[in-house]
Amino acid sequence: MKRQGDGRRMRVWTRYFNQERIVFALTVLLLILFALTLPKFLAPSNLLSLVRSVAVLGILGLGMLVVVLGRGIDLSLVATMAISVAWSLQLAASGLSVASAMGIGLLLALGMSLVTGILIAYAEIPSLFATLAMATFVYGFGRAHLITGTDVVYLPPNIGMLAGLGQGALFGIPMPIVVAAVVALIAYLFLRYTKPGRFIYAIGDNLASARIGGVPVRPILVAQYVIAGGIAFVAGLVTATSAEAMNTRVVNSNMIYDVILVVVLGGVGLSGGRGNVRNVIVGALLIGVLMNGMTIMDVQYTIQNVIKSLILLLAIVVDSILNPRDEQTGQQGDI
Amino acid sequence: MASTHTFTKLRYRFIPDHVIGELLSKKWIDNAIPFLVLLCVIAIFGSLIPNFFGGANLAISARELGEFGLVCMAMMVVIIVGGIDLSVGSNFALGNFMTLALLNLGGWPVGLAIPAVVLICGGVGLLNGYLIGFLRLRAFLTTLVTLIIVRAIVDMLLLKYAQAMSVSFYQSDVWDMIGLGGVAEVPSSFIILVIVALIGHVLLTRSRPGWRMMAIGGSRRSAHNIGLSVRGMVCAAYTISGMLCGLAGVLYAARLSGAGTDTGMGLEISALTAAVLGGNSLGGGRGSVAKALIGAVIVLVMTNGVLRIGLNSGSGPMVLGLTLLLAVFIDVRWLKNRDKLLSKVYVSPTYVELPTPRSTSVETGGAFALNDRLGQVEIIGLGEVESPEDVILDDDDYLYCGTRHGDIVRFAPPDYTSWEVYAHIGGSPLGMAFDRAGDLHVCVGGMGLYKIDRARNVGKVTDETNRSAFSVVDDSRLRLADDLDIAPDGRIYFSEATIRYEMHDWPVDALESRGNGRIICYDPKSGKTHTALRNLIFPNGVCLAHDGQSVLFAESWACRVSRLWIAGPKAGQVERVLDALPGYPDNINRASDGSYWCAIMGMRSPALDLALRMPGFRRRMARRIAPDQWLYPNLNIGCVIRFNDKGEVLESLWDQGAKNHPMITSMREHRGYLYLGGITNNRIGRIRLDKADPNWSGMRSYWGQRA
């Protein structure tokens with residue numbers, strides 16, 4: 001009997017070390033390590049730039065979180081972000097008022113993600129595939145019909161106040177961080193306290209039983225993608241205003257993988273229903289600390305990539321050892 | 001009116017509706033949608049691009065297809081086991097780089113470098129496989145990580161060696177042959193693809209490892225629970241995937257001899273696209289080499305075609321994305337509704353015009369006139385046997401019958417109250433017959449023809465016949481062997497009632513009333529089985545005529561009995577014996593006075609007779625309402641008739657009260673008694689025959705006095 005008790009205590013102990021806590025511990029460890037070895041790492045300006053560097057990734061990660069919680073995935077986030085914002089900027093440059101240009105861009109982002117959502121919820125195309133195809137389509141459509149000329153659309157001079165979104169600061173804190181924090185707060189409140197937010201968890205946990213329980217599954221699924229599209233537009237605005245341009249080629253980069261990395265690293269389960277805003281923040285912080293430290297140490301970009309991925313691998317290996325998946329309860333087709 | 005009837009008759013005679021259902025039930029019909037997309041894509045780009053079908057263009061495309069097809073197959077293999085491999089693009093780039101490095105910098109011979117590269121890339125696959133298979137990590141994330149890591153490694157290697165590699169140039173005939181040559185205009189990379197595809201197809205569809213992979217993809221838990229080494233197989237799938245990528249990388253290196261940072265960039269997306277477009281299901285269990293290759297061709301033609309048309313930079317991805325969405329949408333819908341569609345269109349009635357039935361009324365008299373002669377039937381084994389379709393007696397007066405539980409039950413004489421399970425077969429035993437040696441031959445629904453020897457060993461005699469030349473479905477397996485009889489030379493003639501329905505669905509065949517059945521002959525001398533007659537309308541009872549020259553068989557839904565000559569001058573010919581029966585004839589057996597007994601298992605009704613002349617009505621019925629509300633033949637009451645070789649019906653036995661033995665599918669005469677069996681009964685009946693020879697037995701009638 002005593003043995004069994006030990007076993008239970010052991011289990012509780014391993015449960016405590018879930019992926020989020022492992023990653024958080026790792027982040028703290030790295031923070032201490034860098035603080036000791038790298039001069040000026042702990043300087044406020046460096047810490048701010050550290051957080052700022054992952055602000056956009058964090059915002060996109062929140063969009064991804066909303067989708068992943070409902071057992072989906074949105075690979076079209078980066079494409080939606082790039083094309084909708086680039087089109088807004090171009091419209092503004094062509095003489096439209098900034099407000100209406102932004103409104104049209106936002107409508108494009110929401111419209112495209114609405115289509116994605118309908119394809120997934122009503123046409124029942126697997127989300128992985130539907131968003132992959134939509135990413136290709138959105139990019140192609142944008143490049144062919146919306147954004148003419150160059151790959152890069154620069155901030156028009158009449159952008160005015162909006163430029164502050166990327167470059168300004170509130171009480172000394174750079175605006176991207178503030179925006180990310182606001183989005184995180186809204187996402188937290190939405191997921192935690194609203195009915196649709198709880199429904200998303202229910203769907204992610206078990207779609208069939210959610211449906212039987214009376215959750216309007218299909219509309220909620222569509223809403224998830226629309227929310228993600230809206231968040232992507234905000235992330236795009238922050239990117240464009242801080243870099244003073246929107247480079248549509250970002251669609252062809254590894255950025256979408258980085259977004260998934262941020263989400264998954266923090267311990268959000270890709271099979272849905274597991275995770276919250278805190279997980280994304282933890283994931284983004286780890287990436288921020290790592291990249292910042294390695295940049296100070298002047299580590300080559302490709303090696304940074306390798307280290308980033310190895311850490312992700314480590315996190316999921318440790319997670320799978322501590323919380324092993326059982327053959328009897330594993331879900332079929334769960335990739 | 002007459003002309004519309006003729007028209008309907010001709011329409012149902014010459015348009016084979018049932019083929020649609022049979023096509024839909026084929027597994028390869030899954031490829032129909034992707035294949036149609038392929039044809040459309042080729043047609044569209046073929047008409048848009050000048051010289052699309054020119055030899056040079058085809059050769060270039062085929063060479064590219066060699067590489068891309070291999071990568072798609074790599075993706076397909078892991079998709080089949082329920083995974084995904086995002087690292088194919090990076091692995092492909094690694095293969096390309098390693099080939100060039102080993103040849104140009106390492107100076108290795110081609111014969112050594114290629115296997116080495118395949119092994120290196122297989123190593124990457126093995127790593128994926130170990131992490132996903134044995135550590136149970138998520139495939140998507142794990143291969144995402146390997147995608148980034150391998151890509152970074154290639155980039156670092158390029159930084160270091162690209163310069164050295166660009167100066168040196170590898171010179172070898174074999175290498176040029178792989179990269180630029182081919183056999184008779186067919187590029188070598190395409191030939192390699194074909195060889196790999198053929199091997200892959202055989203392995204996947206006809207070998208144990210392939211079946212296991214399909215099983216794991218279909219249901220991982222079940223595969224685990226039946227004891228397959230799921231983890232090992234998953235690991236193997238990723239390893240194979242890695243090796244295929246390596247081979248593709250070799251071919252790419254041979255074609256272009258260059259390594260750049262963009263090699264294989266985004267290839268995982270194209271390969272995934274191709275694999276899913278071809279119809280391989282994400283989530284596993286459904287996939288084939290053919291599907292992967294169809295997808296590969298579609299994607300390759302589209303990406304290259306959009307480039308060649310010269311649209312602006314965005315249009316290519318736009319068209320690709322749209323096509324993808326459309327194709328996957330159709331595919332998803334198809335997969336979801338295929339079974340529904342199949343169950344709707346499978347029942348395909350045809351036009352049957354039955355002659356007016358002979359009268360059974362008491363007033364007009366005649367052989368069919370209703371009577372109550374079965375009112376005095378003695379009941380044997382009430383509640384102890386279920387569904388005794390046929391009964392038979394041996395020379396020692398033991399009574400045998402089959403039961404729905406798959407047993408042959410034997411009742412002991414003289415009072416037939418004690419019984420035992422004579423043998424267990426497993427399927428539902430239908431017709432029975434003894435051969436010369438006293439071995440019991442049984443037609444088993446869903447299983448075929450079986451034999452129980454005197455030592456009670458059950459053995460299969462035959463369960464297949466020759467496949468029809470133009471049949472869509474494989475009709476060589478016996479689905480519903482029904483009744484049999486044995487010729488003096490030992491040949492066994494038996495009926496297969498229908499090739500389109502299983503045992504439990506047999507009344508549905510009445511709705512079709514098409515010639516779905518056949519008479520099959522098994523020859524013990526050669527051990528061969530062949531189909532003697534086909535396109536019969538539910539052939540049921542089979543009985544050897546008293547002279548041993550012909551076989552009588554009943555076609556239930558056609559309400560007739562025919563004769564097939566098996567010996568003598570008319571061998572092979574068929575002639576009608578009985579026609580316009582008032583019910584559906586079942587088993588036929590010999591009577592002691594040289595005539596034959598025939599069971600009528602159910603009576604015709606005017607409503608169904610009318611419906612048989614209205615195939616459209618029956619089809620709508622089968623599509624729109626639930627099966628338990630369909631118009632079925634009345635199988636609740638029947639009778640036994642006796643007829644002679646000339647086709648004259650001599651007498652009939654009825655149970656008007658429908659208490660003792662209303663439903664009869666078989667009867668045997670034995671020593672002055674008639675024993676009755678019925679497929680929906682829970683008893684056997686026996687009735688004394690007044691005018692019968694009290695010493696006559698079937699065994700003696702067939703095989704003479706026992707020595």
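**Note on the predicted two-chain model**

1. In α4(A), residues A:A55, A:V56, A:G58, A:I59, A:L62, A:L65 and A:V66 meet A:P176, A:I177, A:V179, A:A180, A:V183, A:A184 and A:A187 of α9(A). Contact here requires C-beta atoms, placed from the backbone, to lie within 7 Å. By class, this contact has 13 nonpolar residues, 1 polar and no charged. The classes are as follows: Ala, Val, Leu, Ile, Met, Phe, Trp, Tyr, Cys and Pro are nonpolar; Asp, Glu, Lys and Arg are charged; the others, Gly among them, are polar.

2. Basis of the note. This is a predicted model, so local features need pLDDT of at least 70 and side-chain atom pairs count only at pLDDT 80 or more, while totals for chains, interfaces and linings use all residues. Residues are numbered from 1 along each chain as its sequence is written, chains are lettered from A, and ligands are numbered from 1, in the order in which they are written. Helices (H or I, at least four residues) and strands (E, at least two) are DSSP runs, numbered from the N terminus.

3. Confidence. The predictor assigns the complex an ipTM of 0.79 and a pTM of 0.76. The mean pLDDT of chain B is 87, and 99% of the residues score at least 70. pLDDT is the predictor's confidence in each residue, from 0 to 100. Where pLDDT is low, the predicted coordinates should not be read in detail.

4. Geometry of α4(A) and α9(A). Helix α4 (residues 55-69) and helix α9 (residues 175-193) of chain A have axes 8 Å apart, at an angle of about 15°. That angle makes α4(A) roughly parallel to α9(A). The cut-offs: under 35 degrees is roughly parallel, over 145 roughly antiparallel, 65 to 115 roughly perpendicular, and the rest oblique. Axes are lines fitted to C-alpha atoms, for helices over the stretch in contact, with angles running from 0 to 180 degrees between N-to-C directions. The crossing of α4(A) and α9(A) is left-handed. Left-handed means that the near helix is turned anticlockwise from the far one by less than a right angle; clockwise is right-handed.

5. Helix α12 (residues 217-243) of chain A against α10. Helix α10 (residues 195-205) of chain A crosses α12(A) at roughly 105°, and the axes come within 10 Å. The two helices are therefore roughly perpendicular. A:P196, A:F199, A:I200 and A:I203 in α10(A) meet A:V217, A:I220, A:L221, A:A223 and A:Q224 in α12(A). This contact has 8 nonpolar residues, 1 polar and no charged.

6. The α12(A) helix against α5. Helix α5 (residues 77-93) of chain A packs on α12(A) at about 60°, with axes 8 Å apart. That pair is therefore oblique. The crossing of α5(A) and α12(A) is right-handed. On the α5(A) side the contact includes A:L77, A:T80 and A:M81; on the α12(A) side it includes A:A228, A:G229 and A:A232. The contact of α5(A) with α12(A) divides into 11 nonpolar, 4 polar and no charged residues.

7. Interface. Chain A and chain B each give 42 residues to the contact. On the chain B side, the elements giving two or more residues are α7 (139-167), α11 (220-225), α13 (267-277) and α15 (315-345). The largest share, 12 residues, comes from α15(B). This side of chain B has 25 nonpolar, 12 polar and 5 charged residues.

8. Check the cis bond. The peptide bond from B:P413 to B:P414 is cis, with omega near 0°. B:P414 lies in the loop between β6 (407-411) and β7 (419-424) of chain B. B:P414 counts as exposed because it has 6 C-beta neighbours inside 10 Å. The scale, with C-beta atoms placed from the backbone: 20 or more other C-beta atoms within 10 Å is buried, 12 or fewer exposed, and in between partly exposed.

9. B:N535 is not a glycine, yet its phi is about 60°. B:N535 sits in strand β15 (residues 528-536) of chain B and counts as exposed, with 11 C-beta neighbours inside 10 Å. B:C559 has phi near 55°, also positive and also in a residue other than glycine. B:C559 is in the loop between β17 and β18 (560-565) of chain B. B:C559 counts as buried, with 24 C-beta neighbours inside 10 Å.

10. A buried loop residue. B:S592 is in the loop between β20 (583-590) and β21 (596-603) of chain B. B:S592 is buried, with 20 other C-beta atoms within 10 Å. Apart from neighbours within four places in sequence, B:S592 contacts B:E669, B:A692, B:D693 and B:W696.

Technical notes:
Two residues are in contact if their C-beta atoms, placed from the backbone, lie within 7 Å.
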